[in-house]
Amino acid sequence: GLFRAWKPDVVHTHSSKAGVLARLAAWAAGVPIVVHTYHGFGFHERQPSWLRWLFVLAERLACRACDALVFVSRANWNYALRYRLGDPRRYVLIRSGVKLADFPAQDCDVARKKAALGFAPDAPLVLSVGNFKPQKNPADFLAVARIVAQGLAHAGFIFVGDGPLREHIRREAADLGGRLVLPGWRQDVAEILACADVFVLTSLWEGLPRALVEAMKSGVAPVCYATDGVTDLIRDGENGHVVSPGDAATMA
């Protein structure tokens, strides 16, 4: 109804549910141009096969309404080819735009910032940034923290962000005491990155992770699960390390 009332020239959709519904609605309303950008997918190999293929069929149907399919990573492009989503002649690669001028943070007092976060000035700091949702897999960050803490007694761990799993992780992390900090959403991520020694990303699926781009621009060593767009950014052993998804022990 909105598309018929507004009569837009272009409808550009994002995310899985909105992407399917809005593409079909735009097609039904006669919108001249429909574009969809993939930032990862709503289906993956960890789902029951019947559910995964239900989502794949919905995506294939929605792709038939598209004039262009935009991917933020080459890995997402290849994933779409694997599942035969849309016409490859309509594929376009446009990686996420990240304002790199903000990184690294300038004139950050690292010792003061660490103290404000609850860490000693000399504590090695392991950082992650993201939503506390199944996609970002914060439980594996906690698993890594536990393993590293056994061998590096003064290390600190911080996961910046919020979401439905945050309180569960907080309760599960009680054994680490104040060594694991979950500060919620922050406006000073650039400064926190300036304090970090290692950036960890335990995501199970991704588009092109912007937090990883910011960490790499800040000069923080990345150790990440080899998930989708992560492999567009990290060359293992050269500018970071990638680990098979789910292998928390190797990551630690």
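**Salt bridges and a helix pair**

The structure holds 13 salt bridges, a salt bridge being a side-chain nitrogen of Lys or Arg within 4 Å of a carboxyl oxygen of Asp or Glu. The model is a predicted one, in which local features need pLDDT of at least 70 and side-chain atom pairs count only at pLDDT 80 or more, while totals for chains, interfaces and linings use all residues. Residues are numbered from 1 along each chain as its sequence is written, and side-chain values use heavy atoms, with hydrogens and water left out.

Side chains of opposite charge can pair when their charged atoms come close. Helices (H or I, at least four residues) and strands (E, at least two) are DSSP runs, numbered from the N terminus. Glu45 counts as partly exposed because its relative accessibility is 39%, whereas Arg82, at 54%, counts as exposed. Here buried means under 20% relative accessible area, exposed over 50%, and partly exposed in between (1.4 Å probe, protein chains only).

A salt bridge also joins the side chains of Asp232 and Arg95, at 3.2 Å from N to O. Asp232 belongs to helix α10 (residues 230-233) and Arg95 to the loop between β4 (91-93) and α5 (110-117), so that the pair links distant parts of the chain, 137 residues apart. Asp232 is partly exposed, with a relative accessible area of 22%, and Arg95 is partly exposed at 43%.

Arg235 and Glu238 form another salt bridge, with 3.1 Å between their closest N and O atoms.

The account now turns to helix packing. Helix α2 (residues 16-28) packs with α3 at an angle of about 40°, their axes 9 Å apart; this makes α2 oblique to α3. Axes are lines fitted to C-alpha atoms, for helices over the stretch in contact, and angles run from 0 to 180 degrees between N-to-C directions. Angles under 35 degrees count as roughly parallel, over 145 as roughly antiparallel, 65 to 115 as roughly perpendicular and the rest as oblique. In the contact (heavy atoms within 4.5 Å), Ser16, Val20, Arg23 and Leu24 of α2 meet Ala58, Glu59, Leu61, Ala62 and Cys63 of α3.
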